[in-house]
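Please look at the sequence and the model before reading on.

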Amino acid sequence: IARYGLGLVFVNVLALSLGLPVPALPTLILVGATYALLDGAAMWSALLGALSVSIAASLLGDLLWFGAGRRYGNRTLQSLCRLSLSRDSCVRKTERFFGRYGVRVLAVARFIPGLSLVSVPMAGAMRVRPAAFLRYDALGAALWAGVGLLLGLCFADQVQDLLDWLSLLGRRAALLLAGLLV
């Protein structure tokens, strides 16, 4: 983490924003906990760097979905909703939620499972101005990544205890983590 933390954050958050089912919040918590071991200004500088990289990765992935929504409209949403467990109501619920709150929904969408991936192309399909999209999407990305990093900072001792316990398990820890992921 000390060596490749920012790269790991970038790849993980980008994969999540592109729609891959990978958990990025645990990575942010782990990076925040690792940076908590640094002293004073170095810690805050490292956390700011991780926050910046996370926001950049989020915006990069979201801009692709925003462009697809702008270009292909509701067809993009229908394609995404095919992956959903509730296919029939996916587009309707998203349109209703987006119609009620508008582009502001992007500021909290990452905290609501399923909404973050669908609300971004919806913003494109609804012809939201790119400046407004970037503003609210960056705010949402900053809030979400900031919460993850601060959780790591606050619970650094517990995260370190968990890592120590996993290192005692050795290869069994990798099997346990793979099983939990599946």
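The dialogue below concerns this predicted model.

Q: What span should helix 7 have, and what is the distance between its end C-alpha atoms?

A: Helix 7 covers residues 130-154, and at 1.5 Å a residue its 25 residues should span 36 Å. The end C-alpha atoms are 35 Å apart, which agrees.

Q: Which residues of helix 7 are buried?

A: An α-helix has 3.6 residues a turn, so residues three or four places apart point the same way. In helix 7 the buried residues include Phe133, Asp137, Gly140, Ala141, Trp144, Ala145, Gly148, Leu149 and Gly152.

Q: How is the packing of two helices described?

A: Two numbers are used: the angle between the axes and the distance between them. For helix 2 (residues 25-35) and helix 7, the axes come within 6 Å and cross at roughly 50 degrees. Helix 2 and helix 7 are therefore oblique to each other, and their crossing is right-handed. The contact involves, among others, Leu28, Ile29 and Gly32 of helix 2 and Trp144, Gly148 and Leu149 of helix 7.

Q: At what angle does helix 3 pack with helix 7?

A: Helix 3 (residues 40-72) and helix 7 pack at about 140 degrees, with axes 8 Å apart. Roughly antiparallel requires an angle over 145 degrees, so helix 3 and helix 7 count as oblique. Helix 3 passes helix 7 in a right-handed crossing.

Q: Is serine 17 buried or exposed?

A: Serine 17, in helix 1 (residues 5-17), has a relative accessible area of 5% and is therefore buried. A polar atom of the serine 17 side chain lies 3.1 Å from the backbone oxygen of leucine 14. Serine 17 also touches residues including Ala57, Gly61, Trp65 and Leu117.

Terms used: Residues are numbered from 1 along each chain as its sequence is written. This is a predicted model: local features need pLDDT of at least 70, side-chain atom pairs count only at pLDDT 80 or more; totals for chains, interfaces and linings use all residues. Side-chain values use heavy atoms; hydrogens and water are left out. Helices (H or I, at least four residues) and strands (E, at least two) are DSSP runs, numbered from the N terminus. The expected span of a helix is 1.5 Å times one less than its number of residues. Buried means under 20% relative accessible area, exposed over 50%, partly exposed in between (1.4 Å probe, protein chains only). A polar contact is a pair of N or O atoms within 3.5 Å; within protein, one must be able to donate a hydrogen and the other to accept it, and residues adjacent in sequence count only if both atoms are side-chain atoms. Contact means heavy atoms within 4.5 Å. Axes are lines fitted to C-alpha atoms, for helices over the stretch in contact, and angles run from 0 to 180 degrees between N-to-C directions. Angles under 35 degrees count as roughly parallel, over 145 as roughly antiparallel, 65 to 115 as roughly perpendicular and the rest as oblique. A crossing is left-handed if the near helix is turned anticlockwise from the far one by less than a right angle, and right-handed if clockwise.
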